[in-house]
Amino acid sequence: GETAQLVAGTADAPYQHNFDLILMGNHETEDQPLPDGPNLGAKALGVFGKLQLHGLDVGRTWTRLAQDAMAGDNTIVLSESVDPTYWTVGAEIIIAPTGFEPMEKEKMTIASIDGNTITLNDTLQFTHLGNEYSLEDGSRSWNISAEVGLLSRNIRIIGQSYPEIDEEQFGARVLVSKFTQEGTEYRGYAKISNVEFVRGGQSRREARHDRG
């Protein structure tokens, strides 16, 4: 009921350890429709009480490249300083595309970090710009450098992988909602901060309650 709760940290006292919440299932897993409420579906965390998940504050989560990173490079230089406590060996980052193809984003793992220079676990497949573009007369300029984001957090909600997941695109789902059973209403609420979602979202789900 509404007194049920799952708590890992609070806004004032974030959770200090690692916590993985793994949700399992695929398109063949039976749905869980609720009485006078939503269809919870499958591979879902349904919140009809209280959910509080507060991971560690990692500081700066997004920055940009300070210079071009070319295809074949295995290092990037950031334009701003980041906290090496969290931007550390083994942490996952994402480098946004700067070309015309949105799929040229690249997820990488940090192999080492020295100041603003990060060595990656692999070479880049695509070129990512790290500069400004200005009009010939100098009247206007735009920062077109690639954004770089830190993905790793100490609390993770994970959609378990399985052989057909790339085809089915059936990941984790979090549903905060309400339903009524035998005259009692169960209403959920959630507070979530500094939490990583791994393999989230479900293709071809069209329920109005769904938020991926």
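Predicted model: local features only at pLDDT ≥ 70, side-chain atom pairs only at ≥ 80, totals over all residues.
Let us begin with Glu 196, which sits in strand 18, residues 195–198. Glu 196 is buried yet has no salt bridge. Its nearest side chain of opposite charge belongs to Arg 156, 4.7 Å away. What the side chain of Glu 196 does reach is the backbone nitrogen of Arg 153, at 3.0 Å.

And where does Arg 156 find its partner? Arg 156 forms a salt bridge with Asp 20, with 2.8 Å between the closest N and O atoms. Arg 156 belongs to strand 13 (residues 155–159) and Asp 20 to strand 2 (residues 19–23), so this pair ties together parts that are 136 residues apart in sequence. Both ends are partly exposed: Arg 156 has a relative accessibility of 28%, and Asp 20 has 38%.

The count for the structure comes to four salt bridges. Another of them joins Arg 60 and Glu 80, whose closest N and O atoms are 3.1 Å apart. This pair also links distant parts of the chain, 20 residues apart: Arg 60 is in the loop between strand 4 (50–54) and strand 5 (62–64), while Glu 80 is in the loop between strand 6 (75–77) and strand 7 (92–95). Arg 60 is partly exposed at 36%, and Glu 80 is partly exposed at 33%.

Lys 178 and Glu 185 meet in a salt bridge too, at 3.9 Å from N to O. Shared partners join Lys 178, Glu 185 and Arg 187 into one network. Lys 178, with a relative accessible area of 37%, is partly exposed, as is Glu 185 at 33%.

Now for the rings. A pair of aromatic rings is described by the distance of the centres and the angle of the planes. The whole structure holds four aromatic pairs. In one of them, the ring centres of Tyr 133 and Trp 142 are 6.1 Å apart and the planes meet at 25°, so the pair is stacked. Elsewhere, ring pairs link Phe 48, Phe 179 and Tyr 186 into a cluster.

Tyr 133 is partly exposed at 48% relative accessibility, and Trp 142 is partly exposed at 33%. Leu 135 lies in the loop between strand 10 (132–134) and strand 11 (141–143), and is partly exposed at 32%.

Note on methods. Residues numbered from 1 in each chain as written. Heavy atoms only, no water. Helix = DSSP H or I, 4+ residues; strand = E, 2+ residues; numbered from the N terminus. Buried < 20%, exposed > 50% of the residue type's maximum accessible area, 1.4 Å probe, protein only. Phe/Tyr/Trp six-rings, centres within 6.5 Å; stacked < 30°, edge-to-face > 60°. Lys, Arg positive; Asp, Glu negative; His and termini not counted. Polar contact = N/O pair within 3.5 Å; in protein donor to acceptor, adjacent residues only side chain to side chain.
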